[in-house]
Amino acid sequence: MLTTADFLKYTQWSGIATLVFAALAILAFLFKWGFRYRLVGTTGFMLVLTTGLFALSLFPLSRTVIPGAVKYTLVYDNGSNQTVISLSPKISPEEVEATLLQAASNLYSFGRSGGRDDDKLTIRARTLIHPEPGLTVPLYLGEVKRSLTNREDAQISVEIYPEKFAQLPQSKA
């Protein structure tokens, strides 16, 4: 995966290419070359490309990896303070806790907003169980709450529902 240092290097090279195209465009206007307007377009495109690469060099694109976390799927996100992730029914309480902590880190965003009463991002973990044929029931295994305003939140609270794990289907070994 590309890092911010890689994007900064690409920004520098793209900036140099932008300056070269700008110089060529100026020369093309001075000497009235027929393709001078194409060079103006190319210079504008290079300027947009350089700006985009610079923006990517400012913020990391990597995701947090927490040992013990399993793959999850985001099934609901109101864009503000509530999300729901889906997990496999073959999961342990320790894996749920690690996955909730990973999701809390990965789903944090400066663009989220909370209400006056709730300034916490709540992420609930659920799985689907089938108690009888033709019936699917969501089973919530835990939740995590973290600050919407502080990226390095030390007050993250994880709550696991141990009584729900008894309802999970047992593996046929």
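A residue is called buried here when its relative accessible area is under 20%, and I would like to keep that cut-off in mind as we walk through this structure, which is a predicted model.

Let me start with helix α3, which covers residues 93-106, has 14 residues, and reaches 20 Å from its first C-alpha to its last, close to the 20 Å expected at 1.5 Å a residue. The buried residues of this helix are Val96, Ala98, Thr99, Leu100, Gln102, Ala103, Ala104 and Asn106, and they pack against four strands, namely β2 (82-86), β3 (120-132), β4 (135-147) and β5 (157-160).

Staying with strand β3, I would point you to Thr127, which is found in that strand and which counts as buried because its relative accessibility is 1%. The side chain of Thr127 reaches the backbone oxygen of Leu87 at 2.9 Å, and, leaving aside residues up to four places away in sequence, Thr127 touches Leu87, Ser88, Pro89, Val137, Pro138, Leu139, Leu141 and Leu168.

Now to the aromatic rings, where the structure holds 3 aromatic pairs. Phe31, Trp33 and Phe35, for their part, form one aromatic cluster.

Finally, a ring with a charge: the charged end of Arg124 sits over the ring of Tyr140, at 4.0 Å from the centre of that ring.

Key
Residues numbered from 1 in each chain as written. Predicted model: local features only at pLDDT ≥ 70, side-chain atom pairs only at ≥ 80, totals over all residues. Heavy atoms only, no water. Phe/Tyr/Trp six-rings, centres within 6.5 Å; stacked < 30°, edge-to-face > 60°. Lys NZ or Arg CZ within 6 Å of the ring centre and 35° of its normal. Helix = DSSP H or I, 4+ residues; strand = E, 2+ residues; numbered from the N terminus. Expected span 1.5 Å × (residues − 1). Buried < 20%, exposed > 50% of the residue type's maximum accessible area, 1.4 Å probe, protein only. Contact = heavy atoms within 4.5 Å. Polar contact = N/O pair within 3.5 Å; in protein donor to acceptor, adjacent residues only side chain to side chain.
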